[in-house]
Amino acid sequence: MSEYSSQERAFECYDMHESKFLTPFQRKALLKNLQANLQPEYRRRIEIMLLADMGKSQSQICEILSCSQEMARYWIGVAEAGLAHKWNERPIGRPKTVNDQYIERLKELVSNSPREYGYAFTYWTAQWLSKHLANEFGIAITDRHVNRLLKKMGLSTKRKNPCPQETDLNKDAGITIGDLQSNSEPSLHWSFNLIQTNN
């Protein structure tokens, strides 16, 4: 709590500063939300916008709040655009692109033949699963990510056991070696004369 008390003192004289970007309503709303029990990331967003509105530079804000240049730049831009009231609309952390519905559909697809969905091939590849799901959900992910998701579910696009029909076909394709029948009649083409030489 002591960490925030020194920063909150910086905002006590906030009303004395002329606003650079924020409307009086936005300033009041941000200051009110700053008093609430917020997650640290949300608090930092508000503080960045208020400090920028007070005329602090990006580097000064980063030094005061110990935040990254990218974070400061983004939230200063939000304040300048007049969108400070949307400080809590953007979720914290990396956006999740794959949802439960996507995962269930992936599981369903890999459990069935691609032919059931109008494709000419018999087995799914990660690339085709990615393309198919991108068309259905509008979420494009890499083949490697599809393979990671499948592995996490204990699934794979690789065939474990070939079909019984394929093993029968493969048996006929091999070479069979057996005993050769000997012909008792000598053939001129195959007879050899062995000459014994004495040294």
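Which residue with a positive phi follows helix 7? Gly138 does, with a phi near 75°. This is a predicted model, in which local features need pLDDT of at least 70, side-chain atom pairs count only at pLDDT 80 or more, and totals for chains, interfaces and linings use all residues. Residues are numbered from 1 along each chain as its sequence is written, and side-chain values use heavy atoms, leaving out hydrogens and water.

**Helix 7**
- Helices are DSSP runs (H or I, at least four residues), numbered from the N terminus.
- Ala126, Leu129, Ser130, His132 and Leu133 are buried here. Buried means under 20% relative accessible area (1.4 Å probe, protein chains only).
- These buried residues pack against helix 6 (100–111) and helix 8 (143–153).

**Helix 3**
- Of its 14 residues, 11 are buried, so helix 3 is largely enclosed by the rest of the structure.
- Among the buried ones are Tyr42, Ile46 and Leu50.
- Gly55 follows helix 3, with a positive phi near 100°.

**Nonpolar cores**
- A nonpolar core is a set of buried Ala, Val, Leu, Ile, Met, Phe, Trp, Tyr and Cys residues joined through side-chain atoms within 4.5 Å.
- The largest has 25 residues; Leu30, Ile48, Met49, Ile61 and Cys67 touch the most other members.
- Helix 3 gives the most to this core, with seven residues.
- Apart from this core lies another, of 16 residues, including Tyr102 and Ile139.

Technical notes: Buried < 20%, exposed > 50% of the residue type's maximum accessible area, 1.4 Å probe, protein only. Helix = DSSP H or I, 4+ residues; strand = E, 2+ residues; numbered from the N terminus. Contact = heavy atoms within 4.5 Å.
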